[in-house]
Amino acid sequence: STGERASSYLYAAFDAEVDVIGTCSTAGTSRAINDSYGRGTVKLTNNSVTGNIPGGGAVVSSPTLTAAKKISVTGNTINVTSTSNTQTPVLQVARNTGSLFGEWAYIANNTITAVVPPAVGTNEALIGIRLTRITNGVDLSGNTTPPIIEGNTVSVTATGATIADTMAVLVESQDSTAVADNAIVRNNVLTCNSGVTRCVSVGNDSTTQNYATSVNIYGNTIAGLYYNGVATPHGVSCGHSTNCRVYRNWFQGHGAAILTSEGTNHEVFGNIVRGAAYACFLAKGNTSATFFGNSCVMDDSILGAHYGPYGCIEVASQSPGPVNNAATTFQNNICRVANGTGWKFVKSDTSQTATFINNDYYSDVALAGTQFTYGASNYAALANWQGAQESTALGLDPAWMGGSSPSLYTGFELGPSSGLIRKGQGLANGYGDYRACRYWSHAPSIGALEACGGAPAAPK
(Lines give C-alpha, C1' and ligand atoms only; values in the text may rest on other atoms or scores of the structure.)
Protein backbone atom coordinates (compact mmCIF):
# COMPACT_ATOMS: atom_id res chain seq x y z
CA SER A 1 0.00 0.00 0.00
CA THR A 2 1.07 3.58 -0.47
CA GLY A 3 1.65 5.81 2.55
CA GLU A 4 2.72 9.37 3.16
CA ARG A 5 6.20 8.45 4.41
CA ALA A 6 7.28 6.17 1.60
CA SER A 7 6.60 5.14 -1.95
CA SER A 8 5.79 1.65 -0.66
CA TYR A 9 4.63 1.36 2.95
CA LEU A 10 4.01 -2.03 4.57
CA TYR A 11 2.12 -2.54 7.84
CA ALA A 12 0.25 -5.46 9.37
CA ALA A 13 -0.68 -6.77 12.82
CA PHE A 14 -1.14 -10.43 11.85
CA ASP A 15 0.97 -13.21 10.38
CA ALA A 16 1.00 -12.97 6.60
CA GLU A 17 3.40 -12.86 3.70
CA VAL A 18 3.91 -9.67 1.72
CA ASP A 19 5.86 -9.69 -1.54
CA VAL A 20 7.05 -6.47 -3.17
CA ILE A 21 8.39 -7.56 -6.54
CA GLY A 22 9.60 -5.64 -9.55
CA THR A 23 8.40 -2.19 -8.50
CA CYS A 24 10.15 1.00 -9.55
CA SER A 25 10.31 3.68 -6.87
CA THR A 26 11.76 7.16 -6.99
CA ALA A 27 12.99 8.36 -3.64
CA GLY A 28 12.60 12.00 -2.70
CA THR A 29 11.68 13.56 0.62
CA SER A 30 10.61 10.16 1.95
CA ARG A 31 11.82 6.56 1.92
CA ALA A 32 11.23 4.61 -1.27
CA ILE A 33 10.24 1.42 0.62
CA ASN A 34 9.38 1.44 4.31
CA ASP A 35 8.53 -1.85 6.07
CA SER A 36 6.68 -1.60 9.36
CA TYR A 37 5.43 -5.20 9.37
CA GLY A 38 5.64 -6.32 12.99
CA ARG A 39 5.39 -10.06 12.27
CA GLY A 40 5.03 -12.56 9.44
CA THR A 41 7.15 -12.58 6.27
CA VAL A 42 8.29 -9.77 3.99
CA LYS A 43 10.06 -10.33 0.66
CA LEU A 44 11.52 -7.39 -1.23
CA THR A 45 12.63 -8.78 -4.58
CA ASN A 46 13.95 -7.30 -7.85
CA ASN A 47 12.85 -3.74 -7.11
CA SER A 48 14.48 -0.61 -8.51
CA VAL A 49 15.04 2.54 -6.45
CA THR A 50 16.52 5.75 -7.85
CA GLY A 51 16.68 9.43 -6.98
CA ASN A 52 17.57 11.43 -3.88
CA ILE A 53 17.20 10.03 -0.38
CA PRO A 54 16.75 11.85 2.94
CA GLY A 55 18.50 11.01 6.19
CA GLY A 56 15.99 8.25 6.88
CA GLY A 57 17.30 6.07 4.06
CA ALA A 58 15.97 4.47 0.86
CA VAL A 59 14.79 0.95 1.80
CA VAL A 60 14.16 0.56 5.51
CA SER A 61 12.68 -2.21 7.66
CA SER A 62 12.50 -1.14 11.32
CA PRO A 63 9.22 -2.30 12.87
CA THR A 64 8.30 -2.90 16.47
CA LEU A 65 7.93 -6.67 16.50
CA THR A 66 4.81 -8.25 17.96
CA ALA A 67 5.87 -11.79 17.01
CA ALA A 68 8.66 -13.55 15.14
CA LYS A 69 9.41 -12.24 11.65
CA LYS A 70 11.26 -13.13 8.45
CA ILE A 71 12.60 -10.69 5.88
CA SER A 72 14.28 -11.39 2.55
CA VAL A 73 15.81 -8.56 0.50
CA THR A 74 17.14 -9.93 -2.79
CA GLY A 75 17.94 -8.83 -6.32
CA ASN A 76 17.16 -5.14 -5.81
CA THR A 77 18.92 -2.28 -7.60
CA ILE A 78 19.34 0.93 -5.61
CA ASN A 79 21.05 3.91 -7.24
CA VAL A 80 20.62 7.00 -5.09
CA THR A 81 22.10 10.31 -4.00
CA SER A 82 21.95 11.42 -0.37
CA THR A 83 20.94 14.99 0.41
CA SER A 84 21.53 14.74 4.16
CA ASN A 85 24.50 15.99 6.18
CA THR A 86 24.29 12.99 8.49
CA GLN A 87 25.10 9.27 8.45
CA THR A 88 22.45 7.86 6.12
CA PRO A 89 21.59 4.16 5.67
CA VAL A 90 20.68 3.10 2.15
CA LEU A 91 19.28 -0.35 2.99
CA GLN A 92 18.53 -1.00 6.65
CA VAL A 93 17.05 -3.99 8.47
CA ALA A 94 16.60 -3.41 12.20
CA ARG A 95 14.85 -5.05 15.13
CA ASN A 96 13.44 -2.78 17.81
CA THR A 97 15.38 -2.15 21.01
CA GLY A 98 14.71 -4.69 23.75
CA SER A 99 12.84 -7.07 21.46
CA LEU A 100 12.45 -10.64 22.67
CA PHE A 101 11.05 -11.77 19.32
CA GLY A 102 13.36 -13.28 16.73
CA GLU A 103 13.79 -11.83 13.26
CA TRP A 104 15.54 -13.70 10.46
CA ALA A 105 17.13 -11.59 7.72
CA TYR A 106 18.57 -12.52 4.35
CA ILE A 107 20.11 -9.74 2.22
CA ALA A 108 21.53 -11.06 -1.04
CA ASN A 109 22.40 -10.20 -4.64
CA ASN A 110 21.48 -6.54 -4.40
CA THR A 111 23.31 -3.79 -6.29
CA ILE A 112 23.66 -0.57 -4.30
CA THR A 113 25.31 2.57 -5.59
CA ALA A 114 25.09 5.62 -3.33
CA VAL A 115 26.78 9.01 -3.45
CA VAL A 116 26.64 12.07 -1.24
CA PRO A 117 28.05 15.20 -2.90
CA PRO A 118 30.90 16.96 -1.02
CA ALA A 119 28.86 20.17 -0.86
CA VAL A 120 26.31 18.51 1.46
CA GLY A 121 28.68 18.91 4.45
CA THR A 122 31.53 17.42 6.46
CA ASN A 123 29.20 15.23 8.56
CA GLU A 124 27.90 13.47 5.45
CA ALA A 125 28.25 9.68 5.43
CA LEU A 126 26.59 6.59 3.96
CA ILE A 127 25.90 3.05 5.15
CA GLY A 128 25.17 0.75 2.21
CA ILE A 129 23.68 -2.14 4.22
CA ARG A 130 22.91 -1.70 7.92
CA LEU A 131 21.95 -4.73 10.02
CA THR A 132 20.91 -3.66 13.52
CA ARG A 133 20.00 -5.94 16.44
CA ILE A 134 19.39 -8.95 14.14
CA THR A 135 20.54 -12.44 15.16
CA ASN A 136 19.50 -16.05 14.50
CA GLY A 137 15.91 -16.60 13.41
CA VAL A 138 13.64 -19.11 11.72
CA ASP A 139 14.20 -18.94 7.97
CA LEU A 140 11.80 -19.53 5.07
CA SER A 141 12.38 -23.30 5.32
CA GLY A 142 11.64 -23.44 9.02
CA ASN A 143 15.27 -23.84 10.09
CA THR A 144 17.03 -21.65 12.62
CA THR A 145 19.83 -19.89 10.77
CA PRO A 146 21.96 -16.76 11.22
CA PRO A 147 21.40 -13.50 9.37
CA ILE A 148 23.25 -13.51 6.05
CA ILE A 149 24.54 -10.70 3.83
CA GLU A 150 25.91 -12.26 0.64
CA GLY A 151 26.49 -11.70 -3.05
CA ASN A 152 25.83 -7.97 -2.92
CA THR A 153 27.67 -5.30 -4.89
CA VAL A 154 27.87 -2.10 -2.85
CA SER A 155 29.58 1.17 -3.73
CA VAL A 156 29.39 4.16 -1.35
CA THR A 157 31.03 7.55 -1.95
CA ALA A 158 31.26 10.44 0.50
CA THR A 159 34.44 12.31 -0.35
CA GLY A 160 33.51 15.44 1.59
CA ALA A 161 33.20 13.65 4.93
CA THR A 162 35.57 14.36 7.82
CA ILE A 163 33.50 13.24 10.85
CA ALA A 164 31.10 10.31 10.48
CA ASP A 165 32.15 6.94 9.04
CA THR A 166 30.98 5.72 5.66
CA MET A 167 30.42 1.95 5.53
CA ALA A 168 29.41 -0.54 2.87
CA VAL A 169 28.19 -2.99 5.55
CA LEU A 170 27.52 -2.39 9.26
CA VAL A 171 26.53 -5.09 11.76
CA GLU A 172 25.79 -3.67 15.18
CA SER A 173 23.80 -3.68 18.40
CA GLN A 174 24.27 -1.72 21.61
CA ASP A 175 21.41 -3.64 23.22
CA SER A 176 22.25 -6.62 25.44
CA THR A 177 18.73 -8.02 24.87
CA ALA A 178 18.25 -7.52 21.14
CA VAL A 179 21.72 -8.64 20.09
CA ALA A 180 23.34 -8.91 16.63
CA ASP A 181 25.17 -12.22 17.07
CA ASN A 182 26.30 -14.72 14.41
CA ALA A 183 25.86 -12.57 11.31
CA ILE A 184 27.58 -13.78 8.14
CA VAL A 185 28.99 -11.26 5.63
CA ARG A 186 30.30 -13.23 2.67
CA ASN A 187 31.11 -13.11 -1.03
CA ASN A 188 30.25 -9.45 -1.50
CA VAL A 189 32.01 -6.87 -3.69
CA LEU A 190 32.32 -3.72 -1.59
CA THR A 191 33.82 -0.37 -2.54
CA CYS A 192 34.22 2.64 -0.26
CA ASN A 193 35.41 6.10 -1.26
CA SER A 194 35.63 8.39 1.75
CA GLY A 195 38.38 9.66 4.01
CA VAL A 196 36.40 8.48 7.05
CA THR A 197 35.57 4.85 6.37
CA ARG A 198 35.04 1.45 7.98
CA CYS A 199 34.06 -0.35 4.80
CA VAL A 200 32.85 -3.39 6.77
CA SER A 201 32.26 -2.70 10.43
CA VAL A 202 31.25 -4.81 13.40
CA GLY A 203 30.07 -2.12 15.76
CA ASN A 204 29.57 1.45 14.65
CA ASP A 205 32.90 2.57 16.09
CA SER A 206 35.99 1.13 17.75
CA THR A 207 35.16 1.69 21.41
CA THR A 208 31.44 1.40 22.17
CA GLN A 209 30.45 -1.98 23.65
CA ASN A 210 28.68 -3.92 20.89
CA TYR A 211 26.60 -7.03 21.39
CA ALA A 212 27.59 -8.49 18.05
CA THR A 213 29.34 -11.75 18.91
CA SER A 214 30.72 -14.32 16.46
CA VAL A 215 30.32 -12.29 13.27
CA ASN A 216 32.01 -13.97 10.29
CA ILE A 217 33.36 -11.85 7.42
CA TYR A 218 34.77 -13.93 4.57
CA GLY A 219 35.18 -14.29 0.82
CA ASN A 220 34.65 -10.58 0.16
CA THR A 221 36.43 -8.22 -2.22
CA ILE A 222 36.85 -4.95 -0.31
CA ALA A 223 38.24 -1.91 -2.12
CA GLY A 224 39.17 1.47 -0.69
CA LEU A 225 39.59 4.26 -3.25
CA TYR A 226 40.19 7.35 -1.13
CA TYR A 227 43.71 8.72 -0.75
CA ASN A 228 45.01 12.08 0.38
CA GLY A 229 48.10 11.04 2.33
CA VAL A 230 46.54 12.02 5.68
CA ALA A 231 43.21 10.28 6.32
CA THR A 232 43.20 6.58 7.33
CA PRO A 233 40.05 4.95 5.90
CA HIS A 234 39.70 1.33 7.08
CA GLY A 235 38.80 -1.81 5.14
CA VAL A 236 37.37 -3.97 7.97
CA SER A 237 36.87 -2.82 11.54
CA CYS A 238 36.15 -5.38 14.26
CA GLY A 239 35.18 -3.09 17.12
CA HIS A 240 34.47 -3.60 20.82
CA SER A 241 32.94 -7.06 20.50
CA THR A 242 33.80 -10.76 20.82
CA ASN A 243 34.84 -13.46 18.31
CA CYS A 244 34.88 -11.33 15.18
CA ARG A 245 36.43 -13.48 12.43
CA VAL A 246 37.87 -11.94 9.26
CA TYR A 247 39.15 -14.48 6.76
CA ARG A 248 39.74 -15.22 3.07
CA ASN A 249 39.07 -11.64 1.96
CA TRP A 250 40.81 -9.61 -0.76
CA PHE A 251 41.68 -6.03 0.23
CA GLN A 252 42.64 -3.49 -2.42
CA GLY A 253 43.75 0.00 -1.42
CA HIS A 254 42.53 1.60 1.85
CA GLY A 255 44.61 3.57 4.31
CA ALA A 256 44.53 0.82 6.93
CA ALA A 257 43.20 -2.54 5.76
CA ILE A 258 42.18 -4.57 8.85
CA LEU A 259 41.57 -3.22 12.36
CA THR A 260 40.73 -5.14 15.53
CA SER A 261 39.94 -2.81 18.39
CA GLU A 262 39.09 -3.50 22.05
CA GLY A 263 38.19 -7.02 20.94
CA THR A 264 38.17 -10.38 22.68
CA ASN A 265 39.16 -13.45 20.65
CA HIS A 266 39.15 -11.64 17.32
CA GLU A 267 40.70 -13.73 14.52
CA VAL A 268 42.16 -12.52 11.22
CA PHE A 269 43.47 -15.20 8.86
CA GLY A 270 43.97 -16.11 5.22
CA ASN A 271 43.49 -12.54 3.93
CA ILE A 272 45.34 -10.83 1.09
CA VAL A 273 46.05 -7.11 1.41
CA ARG A 274 47.26 -5.21 -1.64
CA GLY A 275 48.22 -1.57 -1.56
CA ALA A 276 47.12 -0.29 1.86
CA ALA A 277 49.00 3.00 2.14
CA TYR A 278 49.09 3.49 5.93
CA ALA A 279 49.18 0.00 7.45
CA CYS A 280 48.06 -3.56 6.65
CA PHE A 281 47.18 -5.06 10.05
CA LEU A 282 46.20 -2.93 13.05
CA ALA A 283 45.61 -4.04 16.64
CA LYS A 284 44.33 -1.44 19.09
CA GLY A 285 43.41 -2.09 22.71
CA ASN A 286 42.54 -5.77 22.29
CA THR A 287 42.00 -8.16 25.16
CA SER A 288 43.02 -10.88 22.71
CA ALA A 289 43.40 -11.11 18.93
CA THR A 290 45.23 -13.35 16.45
CA PHE A 291 46.52 -12.46 12.98
CA PHE A 292 47.52 -15.73 11.32
CA GLY A 293 48.59 -16.62 7.78
CA ASN A 294 47.87 -13.36 5.98
CA SER A 295 49.78 -11.80 3.07
CA CYS A 296 50.37 -8.10 2.53
CA VAL A 297 52.18 -6.36 -0.31
CA MET A 298 53.13 -2.74 0.37
CA ASP A 299 53.39 -0.88 -2.91
CA ASP A 300 53.34 2.91 -3.32
CA SER A 301 52.24 2.58 -6.95
CA ILE A 302 48.83 1.03 -6.17
CA LEU A 303 46.93 3.67 -4.16
CA GLY A 304 49.59 6.21 -3.24
CA ALA A 305 52.82 6.72 -1.33
CA HIS A 306 53.09 5.34 2.19
CA TYR A 307 52.31 7.82 4.96
CA GLY A 308 52.24 7.76 8.75
CA PRO A 309 54.54 6.10 11.30
CA TYR A 310 53.39 2.50 10.78
CA GLY A 311 53.73 -0.12 8.07
CA CYS A 312 52.76 -3.76 7.76
CA ILE A 313 51.90 -4.34 11.43
CA GLU A 314 50.67 -1.67 13.85
CA VAL A 315 50.07 -2.28 17.57
CA ALA A 316 48.69 0.76 19.39
CA SER A 317 46.41 1.90 22.19
CA GLN A 318 42.78 2.75 21.55
CA SER A 319 41.45 6.10 22.65
CA PRO A 320 39.72 7.21 24.79
CA GLY A 321 41.33 5.59 27.78
CA PRO A 322 43.77 4.80 26.44
CA VAL A 323 43.11 1.05 26.26
CA ASN A 324 46.27 -0.98 25.64
CA ASN A 325 46.67 -4.35 23.93
CA ALA A 326 46.83 -7.15 26.47
CA ALA A 327 47.46 -10.10 24.16
CA THR A 328 47.74 -9.93 20.38
CA THR A 329 49.59 -12.52 18.28
CA PHE A 330 50.97 -12.13 14.76
CA GLN A 331 51.98 -15.48 13.29
CA ASN A 332 52.89 -16.87 9.84
CA ASN A 333 52.15 -13.59 8.03
CA ILE A 334 54.02 -12.25 4.97
CA CYS A 335 54.95 -8.55 4.93
CA ARG A 336 56.51 -7.58 1.62
CA VAL A 337 57.57 -4.13 0.41
CA ALA A 338 57.46 -4.04 -3.39
CA ASN A 339 57.70 -0.31 -3.95
CA GLY A 340 58.48 2.69 -1.71
CA THR A 341 61.34 3.27 0.71
CA GLY A 342 59.38 4.83 3.59
CA TRP A 343 57.83 1.62 4.94
CA LYS A 344 58.58 -0.25 8.13
CA PHE A 345 57.59 -3.79 8.97
CA VAL A 346 56.48 -3.56 12.62
CA LYS A 347 55.68 -0.73 15.00
CA SER A 348 54.39 -1.70 18.43
CA ASP A 349 53.88 1.38 20.56
CA THR A 350 54.86 1.88 24.18
CA SER A 351 52.75 -0.02 26.76
CA GLN A 352 51.49 -2.56 24.20
CA THR A 353 51.83 -6.33 24.49
CA ALA A 354 52.18 -8.38 21.30
CA THR A 355 53.75 -11.68 20.31
CA PHE A 356 55.43 -12.30 16.95
CA ILE A 357 56.01 -15.84 15.62
CA ASN A 358 57.33 -17.03 12.26
CA ASN A 359 56.46 -13.96 10.22
CA ASP A 360 58.29 -13.24 6.98
CA TYR A 361 59.58 -9.71 6.32
CA TYR A 362 60.99 -9.02 2.88
CA SER A 363 61.66 -5.90 0.84
CA ASP A 364 62.48 -5.61 -2.84
CA VAL A 365 63.88 -2.13 -2.21
CA ALA A 366 66.27 -0.65 0.35
CA LEU A 367 64.19 0.86 3.17
CA ALA A 368 65.15 4.32 4.38
CA GLY A 369 64.55 4.13 8.12
CA THR A 370 64.14 1.87 11.12
CA GLN A 371 62.35 -1.29 10.09
CA PHE A 372 61.10 -2.50 13.49
CA THR A 373 59.97 -0.79 16.71
CA TYR A 374 58.77 -2.39 19.93
CA GLY A 375 57.96 0.04 22.72
CA ALA A 376 60.87 2.43 23.13
CA SER A 377 63.31 0.16 21.28
CA ASN A 378 64.15 0.54 17.59
CA TYR A 379 65.69 -2.22 15.50
CA ALA A 380 67.42 -1.15 12.34
CA ALA A 381 67.31 -4.50 10.57
CA LEU A 382 65.85 -8.00 10.71
CA ALA A 383 68.84 -9.49 12.55
CA ASN A 384 68.35 -7.02 15.40
CA TRP A 385 64.64 -7.81 15.58
CA GLN A 386 65.31 -11.55 15.60
CA GLY A 387 67.73 -11.17 18.47
CA ALA A 388 65.34 -9.15 20.62
CA GLN A 389 61.70 -9.94 19.78
CA GLU A 390 61.12 -12.69 17.20
CA SER A 391 63.78 -15.36 16.95
CA THR A 392 61.68 -17.29 14.41
CA ALA A 393 61.30 -14.35 12.01
CA LEU A 394 62.27 -14.89 8.38
CA GLY A 395 63.53 -12.57 5.68
CA LEU A 396 62.94 -14.66 2.58
CA ASP A 397 61.62 -13.70 -0.84
CA PRO A 398 58.18 -15.40 -0.88
CA ALA A 399 58.74 -16.24 -4.57
CA TRP A 400 55.12 -15.47 -5.36
CA MET A 401 53.95 -16.84 -8.69
CA GLY A 402 52.78 -13.37 -9.71
CA GLY A 403 56.02 -11.54 -8.95
CA SER A 404 56.67 -8.92 -6.30
CA SER A 405 53.23 -7.24 -6.43
CA PRO A 406 50.58 -9.60 -7.83
CA SER A 407 47.28 -8.19 -9.07
CA LEU A 408 45.32 -11.46 -8.78
CA TYR A 409 44.97 -13.85 -5.87
CA THR A 410 46.60 -16.65 -7.82
CA GLY A 411 49.74 -14.54 -8.03
CA PHE A 412 50.15 -14.83 -4.25
CA GLU A 413 50.68 -18.59 -4.57
CA LEU A 414 54.10 -19.61 -3.25
CA GLY A 415 56.29 -20.75 -6.12
CA PRO A 416 57.98 -24.16 -5.95
CA SER A 417 61.28 -22.55 -4.94
CA SER A 418 59.78 -20.60 -2.03
CA GLY A 419 61.43 -21.14 1.33
CA LEU A 420 58.11 -20.43 3.06
CA ILE A 421 56.38 -23.64 2.03
CA ARG A 422 55.48 -25.62 5.16
CA LYS A 423 57.81 -23.46 7.27
CA GLY A 424 55.18 -21.94 9.56
CA GLN A 425 54.09 -22.87 13.05
CA GLY A 426 50.57 -24.23 13.41
CA LEU A 427 47.74 -23.39 15.77
CA ALA A 428 45.36 -25.88 17.32
CA ASN A 429 42.34 -24.86 15.27
CA GLY A 430 44.05 -25.33 11.89
CA TYR A 431 43.03 -22.04 10.27
CA GLY A 432 42.18 -22.29 6.58
CA ASP A 433 43.96 -20.24 3.93
CA TYR A 434 42.49 -17.86 1.33
CA ARG A 435 40.98 -20.82 -0.59
CA ALA A 436 39.77 -22.65 2.53
CA CYS A 437 42.64 -25.10 2.16
CA ARG A 438 43.86 -26.35 5.56
CA TYR A 439 47.06 -27.89 6.81
CA TRP A 440 46.69 -31.07 8.84
CA SER A 441 49.56 -33.56 8.78
CA HIS A 442 52.30 -31.03 8.13
CA ALA A 443 53.39 -27.56 9.17
CA PRO A 444 51.50 -24.71 7.51
CA SER A 445 53.06 -22.58 4.84
CA ILE A 446 53.60 -18.91 5.66
CA GLY A 447 51.17 -16.43 4.14
CA ALA A 448 47.62 -16.48 2.86
CA LEU A 449 47.90 -19.36 0.39
CA GLU A 450 48.66 -22.83 1.68
CA ALA A 451 50.80 -25.06 -0.50
CA CYS A 452 48.48 -28.03 -0.97
CA GLY A 453 47.51 -30.18 -3.92
CA GLY A 454 44.09 -29.99 -5.53
CA ALA A 455 43.32 -26.60 -3.99
CA PRO A 456 39.68 -25.55 -4.43
CA ALA A 457 38.76 -22.38 -6.26
CA ALA A 458 38.78 -19.09 -4.41
CA PRO A 459 35.44 -18.25 -2.72
CA LYS A 460 34.36 -15.52 -5.08
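Buried means under 20% relative accessible area. That cut-off applies to Cys 238, which is buried, and to Cys 244, which is buried too. The views below come from a predicted model.

**Figure 1. Cys 238 and Cys 244 form a disulfide.** The sulfur atoms of Cys 238 and Cys 244 are 2.0 Å apart. The torsion about their S-S bond is about -45°, so this disulfide is left-handed. Both partners, Cys 238 and Cys 244, are buried. The structure holds four disulfides.

**Figure 2. A disulfide joins Cys 280 to Cys 296.** The S to S distance is 1.9 Å. This pair links distant parts of the chain, 16 residues apart. Cys 280 sits in strand S30 (residues 279-284). Cys 296 sits in strand S32 (residues 295-299). Cys 280 has 0% relative accessibility and counts as buried. Cys 296 is also at 0% and counts as buried.

**Figure 3. Cys 312 is joined to Cys 335 by a disulfide.** Here the S to S distance is 2.0 Å. The link of Cys 312 and Cys 335 is left-handed, with -70° about the S-S bond. It connects distant parts of the chain, 23 residues apart. Cys 312 belongs to the loop between S32 and strand S33 (313-316). Cys 335 belongs to strand S35. Cys 312 and Cys 335 are both buried.

**Figure 4. Glu 17 forms a salt bridge with Lys 43.** The closest N and O atoms of this pair are 3.4 Å apart. Glu 17 is partly exposed, with a relative accessible area of 45%. Lys 43 counts as partly exposed at 23% relative accessibility. The structure holds nine salt bridges.

**Figure 5. A salt bridge pairs Arg 245 with Glu 267.** The closest N and O atoms of Arg 245 and Glu 267 are 2.8 Å apart. The two residues link distant parts of the chain, 22 residues apart. Arg 245 is in strand S25 (residues 245-247). Glu 267 is in strand S28 (residues 266-269). Arg 245 has 24% relative accessibility and counts as partly exposed. Glu 267 has 19% relative accessibility, so this residue counts as buried under the 20% cut-off.

**Figure 6. Asp 364 forms a salt bridge with Arg 336.** The closest N and O atoms of Asp 364 and Arg 336 are 2.8 Å apart. Distant parts of the chain, 28 residues apart, are linked by this pair. Asp 364 lies in the loop between strand S38 (360-363) and strand S39 (372-374). Arg 336 lies in strand S35 (residues 334-339). Asp 364 counts as partly exposed at 34% relative accessibility. Arg 336 is buried, with a relative accessible area of 3%. Salt bridges that share partners join Arg 336, Asp 364 and Asp 397 into one network.

Methods:
Residues numbered from 1 in each chain as written. Predicted model: local features only at pLDDT ≥ 70, side-chain atom pairs only at ≥ 80, totals over all residues. Heavy atoms only, no water. Salt bridge = Lys/Arg side-chain N within 4 Å of Asp/Glu carboxyl O. Buried < 20%, exposed > 50% of the residue type's maximum accessible area, 1.4 Å probe, protein only. Helix = DSSP H or I, 4+ residues; strand = E, 2+ residues; numbered from the N terminus. Disulfide = S-S within 2.5 Å.
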